[in-house]
Amino acid sequence: TSAQHAKRLYEWPHVFYSIQCGAFRDKSKAAKLERKLKRAGLRSKVETRPRSGELLYVVYVGRYPRYNGARDSLRSVQRVVSGALVVPQ
């Protein structure tokens, strides 16, 4: 359930949380999304992450010390990227 998922993320032992807006194999697609978010007034960044032997370009918004802070900001990000979600980092 979503309550169980939220509890698991809340208790996650990582340093901070971010809102993931997309993950791309193509660096230019990640850059395009980053520009879209910045135009909407959201500070975003692109980080590279290895996954399944590939390099992905992942677009994040924010750096929140607690899950609740990221969750509270999620709705404003979802106005720009409907599939955005909170992830531990």
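**Entry 1: an aromatic pair**

I started at Tyr 67, which is buried, with a relative accessible area of 9%. Before going on, I noted that this is a predicted model. I then looked for aromatic pairs, and the structure holds one. How are the rings of Tyr 17 and Tyr 67 arranged? Their centres are 5.8 Å apart and their planes stand at 75°, so I wrote the pair down as edge-to-face. My reminder to myself: a pair of aromatic rings is described by two things, the distance of the centres and the angle of the planes. The pair links distant parts of the chain, since Tyr 17 is in strand 1 while Tyr 67 is in helix 3, 50 residues apart. Tyr 17 comes out at 2% relative accessibility, so I marked Tyr 17 as buried too.

I found an open sheet of four strands, in the order 2-3-1-4, with antiparallel pairing. Which strands are at the edges? They are strand 2 (44-51) and strand 4 (85-88), and each of them pairs on one side only. From one strand to the next, I have the twist down as 45° on average.

I then checked what joins strand 2 to strand 3 (residues 54-64). The two run antiparallel, and I have eight bridges between them. For Lys 45, the bridge partner in strand 3 is Tyr 60. For Ser 44, I found Val 61 standing opposite in strand 3.

**Entry 2: the helices on the sheet**

I looked at helix 2 (residues 27-39) and saw that it lies across strand 1, strand 2 and strand 3. Against strand 3, helix 2 runs at about 15°. Helix 3 (residues 67-78) packs on the sheet as well, and I noted its touches on strand 1, strand 3 and strand 4. The direction of helix 3 makes about 45° with that of strand 1.

**Entry 3: walking along strand 1**

Is Ser 18 buried or exposed? I got 0% relative accessibility, so Ser 18 counts as buried. What does the side chain of Ser 18 reach? It reaches the backbone oxygen of Gly 62, at 2.7 Å. Setting aside neighbours within four places in sequence, I listed the contacts of Ser 18, among them Tyr 60, Arg 63, Leu 85 and Gln 89.

Ile 19 is also in strand 1. Its relative accessibility is 0%, so I put Ile 19 down as buried. Not counting residues up to four places away in sequence, Ile 19 touches a list that includes Val 59, Ala 70, Leu 74, Val 77 and Val 86. I also checked Ile 19 against Gln 89: they are 70 residues apart in sequence, and C-alpha to C-alpha they are 9.8 Å apart in space.

Gln 20 has its place in strand 1 too. At 15% relative accessibility, Gln 20 still counts as buried, because the cut-off is under 20%. Beyond four places in sequence, I found Gln 20 touching Arg 51, Val 58 and Ala 84, among others.

**Entry 4: the core**

How many residues are in the largest nonpolar core? I have 18, and the ones that touch the most other members are Ile 19, Cys 21, Leu 37, Val 61, Val 77, Ala 84 and Val 86. Strand 1, helix 2, strand 3 and helix 3 each supply at least two residues of this core. Leaving aside neighbours within four places in sequence, Leu 37 is in contact with Cys 21, Leu 42, Ser 44, Val 59, Val 61, Val 80 and Val 81.

**Entry 5: the turn**

Last stop: the hairpin that strand 2 and strand 3 form, with two residues between them. I found Ser 52 in the loop between these strands. What is phi of Ser 52? It is near 50°, a positive value in a residue other than glycine. I made a note of that because most residues other than glycine have a negative phi. Is Ser 52 buried or exposed? I have a relative accessible area of 79%, so Ser 52 is exposed.

Methods: Residues numbered from 1 in each chain as written. Predicted model: local features only at pLDDT ≥ 70, side-chain atom pairs only at ≥ 80, totals over all residues. Heavy atoms only, no water. Buried < 20%, exposed > 50% of the residue type's maximum accessible area, 1.4 Å probe, protein only. Polar contact = N/O pair within 3.5 Å; in protein donor to acceptor, adjacent residues only side chain to side chain. Contact = heavy atoms within 4.5 Å. Pairing = 2+ DSSP bridges. Axes fitted to C-alpha atoms, helices over the stretch in contact; angles between N-to-C directions. Core = buried A, V, L, I, M, F, W, Y, C linked by side-chain atoms within 4.5 Å. Phe/Tyr/Trp six-rings, centres within 6.5 Å; stacked < 30°, edge-to-face > 60°.
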